[in-house]
Structure formats: structure tokens, C-alpha cells
Amino acid sequence: MNIHLLKKTFYKNLFPPKFGNEKIQALYHFVAQNDSNIEHWEVGGLLSEFIEIIKDFQEADIQYFFERISLWNSYYLVIISDKFLENHVRSVIKYDLGLIYAKIFLLYEDADSYYLIDNLEIAITMYQSKIDKATLIDLLHKIELLYYKKLITKQQHDYHLTFINSLNP
């Protein structure tokens with residue numbers, strides 16, 4: 001781990017970000033308080049609380065989230081993305097979490113994107129996402145970058161390129 005990343009993580013843990021959007025702030029606090037037991041988020045418990053926080057997000061909240069994505073701990077982004085893949089979340093949330101998953105993947109720190117690539121197809125397929133051409137191009141470039149940096153194998157590279165090319169509108 002490089003010293004810059006260590007300093008950044010330490011600072012974020014010591015001084016959590018303050019968001020100007022109460023829905024985003026609530027999501028951040030919830031994930032921060034419950035990040036140690038994510039495998040135990042269940043319906044009627046923490047998973048339901050997560051859904052209650054995100055179910056009323058509007059387009060402006062989602063846009064604000066992406067404008068401030070650099071303030072998030074990367075582990076929290078992985079948790080949020082992982083919870084998007086829960087069937088109960090899919091049945092309750094009415095907006096396209098597959099597209100949001102793809103955009104988190106694109107904006108996620110370059111060095112750690114391989115954590116999200118394995119579920120990219122699942123998220124897009126699960127939500128029957130309508131991915132615009134610009135996002136498709138960005139996804140193709142991101143996969144090329146991950147392969148170039150040797151963060152994914154040739155097999156992963158080829159598979160995901162084929163999948164993304166099949167999404168062409």
C-alpha cells in the first residue's frame with residue numbers, strides 16, 4: 001500500500017466527510033456504522049434500513065452522489081455496489097441500479113476496479129439497464145485500462161468486452 005493511500009484512508013476515518021445532501025449523508029453514516037457485518041444485512045434488519053435510505057433518492061441525489069464520489073471510502077462503494085445485487089433491493093428500488101453500478105465502476109479508483117468488474121454483467125442484466133453509448137465507450141476503455149495495468153486477465157478482458165459490445169444500443 002502506498003503512503004498516499006494510507007494517509008487518505010487514515011484521514012477519511014478520522015474526519016469523515018460532511019455532505020450537503022442529507023440523503024447522501026445518511027447513506028454514508030449508515031454504511032460506515034455497519035461496514036463490519038455486511039454479510040449479515042438481512043431483510044427486516046440492516047438490508048431493509050439500507051433500502052429505506054436509498055428508495056427515495058431522486059435524480060438530483062444520485063447526481064450529487066457522483067459529484068462527491070471522491071469523498072467516499074472505496075470499501076464503502078464496494079459495499080453499496082454489492083448490496084445493489086440483492087434481489088430484495090431490486091424488487092423495491094424503481095430506478096436503474098445497474099446503470100449506477102456501472103458508473104460507480106467507472107469512477108472507482110483505478111487500482112481497485114477489479115473488485116467491481118466480476119459483478120458488472122450481473123448488475124446490468126439484473127436491472128435490464130439501458131446503458132447509453134457514452135457509458136458503453138467508457139466501460140470499454142476502463143476494461144482496456146484494467147487489462148493494460150494487468151489487474152484483470154486476458155480471459156476477463158475478452159469476456160467483458162464481448163458482453164459490453166452486446167449491449168450496443
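I began with helix 4 (residues 59-67), where Asp61, Ile62, Tyr64, Phe65 and Phe66 are buried. I take buried as under 20% relative accessible area, exposed as over 50%, and partly exposed as in between, with a 1.4 Å probe and protein chains only. Helices here are DSSP runs of H or I with at least four residues, strands are runs of E with at least two, and both are numbered from the N terminus.

The model is predicted: local features need pLDDT of at least 70, side-chain atom pairs count only at pLDDT 80 or more, and totals for chains, interfaces and linings use all residues. Residues are numbered from 1 along each chain as its sequence is written, and side-chain values use heavy atoms, with hydrogens and water left out.

**Cover of helix 4.** I looked up what covers the buried residues of helix 4; the cover includes helix 2 (22-33), helix 5 (74-84) and helix 7 (97-107). Contact means heavy atoms within 4.5 Å.

**Cavity.** I found one cavity of 30 Å³ or more in the structure. The largest cavity has a volume of about 100 Å³. Its lining consists of Leu27, Ile54, Phe57, Ile62, Phe65, Phe66, Ile80, Phe84, Tyr95, Leu97 and Ile100. Helix 4, helix 5 and helix 7 are the elements that give two or more residues to this lining, and the largest share, three residues, comes from helix 4. By class I note 11 nonpolar residues in the lining, no polar and no charged. Ala, Val, Leu, Ile, Met, Phe, Trp, Tyr, Cys and Pro count as nonpolar, Asp, Glu, Lys and Arg as charged, and the others, Gly among them, as polar.

For the search, a 1 Å grid is laid over the protein atoms alone: a cavity is a set of points where a 1.4 Å probe fits but cannot get out, a pocket is an open set with protein on both sides within 12 Å along at least five of seven lines, and lining residues have an atom within 4 Å of a point. Grid points are joined across faces, edges and corners, and a volume is the space filled by probe spheres set on the points.

**Pocket.** I then turned to the second largest pocket, which holds about 170 Å³ of space. Glu59, Ile62, Gln63, Phe66, Tyr95, Asp96, Leu99, Ile100 and Lys103 line this pocket. Helix 4 supplies the largest share of its lining, four residues, and helix 4 and helix 7 each supply at least two. The lining has five nonpolar, one polar and three charged residues.

**Asn73.** I placed Asn73 in the loop between helix 4 and helix 5. Asn73 counts as buried because its relative accessible area is 14%. From Asn73 to Ala32 I read 9.0 Å, C-alpha to C-alpha, across 41 residues in sequence.

**His157.** I found His157 in helix 11 (residues 154-166). His157 is at 6% relative accessibility and so counts as buried. Leaving aside neighbours within four places in sequence, His157 is in contact with Ile143, Glu144, Tyr147 and Ile152.

**Whole chain.** I counted 11 helices and zero strands in the protein chain. Of its 169 residues, 43% are buried. Among contacts between residues at least 6 apart in sequence, 72% join residues at least 24 apart.

**Confidence.** The mean pLDDT (the predictor's confidence in each residue, from 0 to 100) of the protein chain is 87, and 87% of its residues reach 70 or more. I noted the lowest confidence in helix 1 (residues 3-14), at a mean of 56, and the highest in helix 3 (residues 46-54), at 96.
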